[in-house]
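Please read it alongside the structure below.

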Amino acid sequence: MERRRGIDDYEPGPVPPQRPLDRFGFIKQEVGGSTPEGLPKSRLVADYEREARRVRKWRKMIGVGGSDWKHYARRKPHVVKRRIRKGIPDCLRGLVWQLISGSRDLLLMNPGVYEQLRHGPGQRSLYNVLKAYSVFDRDVGYVQGMGFLAGLLLLYMSEEDAFWLLVALLKGAVHAPMEGLYQVGLPLVQQYLFQFDHLVREQLPKLGEHFSQEMINPSMYASQWFITVFSYSFPFPLALRIWDVFLYEGVKIVFKVGLALLKYCHEDLIKLSFEKLIHALRNFPEDAMDPDTLLPMAYSIKVSRSLEDSKDEYEKQNRKHIQSTELIGKA
């Protein structure tokens with residue numbers, strides 16, 4: 001009778017070569033077809049020293065625990081904006097996100113509130129934050145897209161810090177409130193999609209006309225951009241750079257990045273029919289997702305005036321729709 005083979009009877013196969021991982025456990029991308037080990041030592045040293053200098057500048061700018069941030073931001077706002085657009089050093093990103101969003105002030109003004117809302121120890125961090133928010137704001141409660149925001153924040157800060165940053169964003173501590181993205185009917189999503197469609201027609205008229213001919217509208221491809229601020233399906237390095245700017249400058253960067261993507265892929269998109277167009281708009285090429293290529297293009301796009309005009313137009317149309325609905329109800 002043949003003996004059954006046990007675990008110890010199997011000889012180990014060849015061990016695959018280890019590849020370097022980043023701080024989140026993702027495999028690091030190879031640079032220019034070679035691994036980081038293949039780069040000249042002088043290049044690695046130069047990169048390290050440059051990043052160290054950058055971190056020192058940031059530490060000096062924000063002070064210990066963020067103590068100098070408000071003073072510096074008021075005194076040199078253009079320096080702050082320029083440095084944020086270049087990307088916040090990863091080791092300081094969590095603290096800086098809290099400072100620029102206003103969530104650190106909310107936390108300090110509400111000691112112990114998060115623990116009262118959370119209840120039940122031993123649960124996972126993401127659940128804790130979202131459960132606490134659903135108790136804090138019962139009108140909004142929990143909507144699926146909020147999980148992507150909270151998950152990203154928890155990579156860089158504690159549960160309590162992430163909770164208050166979520167509050168700062170949805171309630172509008174610094175910028176316009178985002179809670180309309182998650183309320184019943186997603187009213188703010190509808191407004192943003194209307195505004196984005198207006199921008200496409202204004203700044204990329206040929207592509208806008210092609211979208212009309214193929215019956216493509218922003219709700220088919222851009223809803224998640226606004227609901228998750230690009231944290232759902234965009235490459236992680238690009239999403240982080242967008243969030244650096246988003247927390248400091250507000251939702252305008254979402255419109256700018258969306259337009260920059262369409263502009264970068266304009267010549268390809270304008271040739272596609274409906275099915276291929278939908279696929280392309282949900283799966284942009286890798287070269288279009290390079291932060292150092294896409295973001296400078298986004299920064300160069302002006303949207304403020306157009307967003308104000310299209311918001312006014314949207315509100316007028318909305319009021320007319322409500323009035324006509326009320327008239328029909330009375331008839």
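Asp 312 is placed in helix 18. The model is predicted, and the points below are grouped by topic.

**Negative patch**
- Asp 312 has a relative accessible area of 42%, which makes it partly exposed.
- On the surface, a patch of negative charge brings together Glu 202, Glu 308, Asp 309, Asp 312, Glu 313 and Glu 315.
- Helix 18 (residues 304-330) is the largest contributor to the negative patch, with five residues.

**Salt bridges**
- The structure has 11 salt bridges.
- One of them joins Asp 47 and Arg 50, whose closest N and O atoms are 2.7 Å apart.
- Both Asp 47 and Arg 50 belong to helix 1 (residues 41-62) and are three residues apart, about one turn of the helix.
- In an α-helix, residues three or four places apart point the same way because there are 3.6 residues a turn.
- Asp 47 is partly exposed at 24% relative accessibility, and Arg 50 is partly exposed at 47%.
- A network of salt bridges links Arg 43, Asp 47 and Arg 50.
- Lys 171 forms a salt bridge with Glu 179, with 2.8 Å between the closest N and O atoms.
- Lys 171 also meets Asp 137 in a salt bridge (2.8 Å, N to O).
- Asp 137 lies in the loop between helix 7 (125-136) and helix 8 (146-154), and Lys 171 in helix 9 (residues 159-171), so this pair, 34 residues apart, links distant parts of the chain.
- Asp 137 is buried at 5% relative accessible area, whereas Lys 171 is partly exposed at 36%.

**Helix 13**
- Among the buried residues are Arg 241, Trp 243, Asp 244 and Glu 249.

Conventions
Residues are numbered from 1 along each chain as its sequence is written. This is a predicted model: local features need pLDDT of at least 70, side-chain atom pairs count only at pLDDT 80 or more; totals for chains, interfaces and linings use all residues. Side-chain values use heavy atoms; hydrogens and water are left out. Buried means under 20% relative accessible area, exposed over 50%, partly exposed in between (1.4 Å probe, protein chains only). Helices (H or I, at least four residues) and strands (E, at least two) are DSSP runs, numbered from the N terminus. Patches are made of residues with over 30% relative accessible area and no salt bridge: like charges are joined within 9 Å, nonpolar side chains (Val, Leu, Ile, Met, Phe, Trp, Tyr) within 5 Å. Accessible areas come from the Shrake-Rupley method with a 1.4 Å probe; for residues, only the protein chains shown count as cover. A salt bridge is a side-chain nitrogen of Lys or Arg within 4 Å of a carboxyl oxygen of Asp or Glu. Lys and Arg count as positive and Asp and Glu as negative; His and the chain ends are not counted. The place of a charge is taken as NZ of Lys, CZ of Arg, CG of Asp or CD of Glu.
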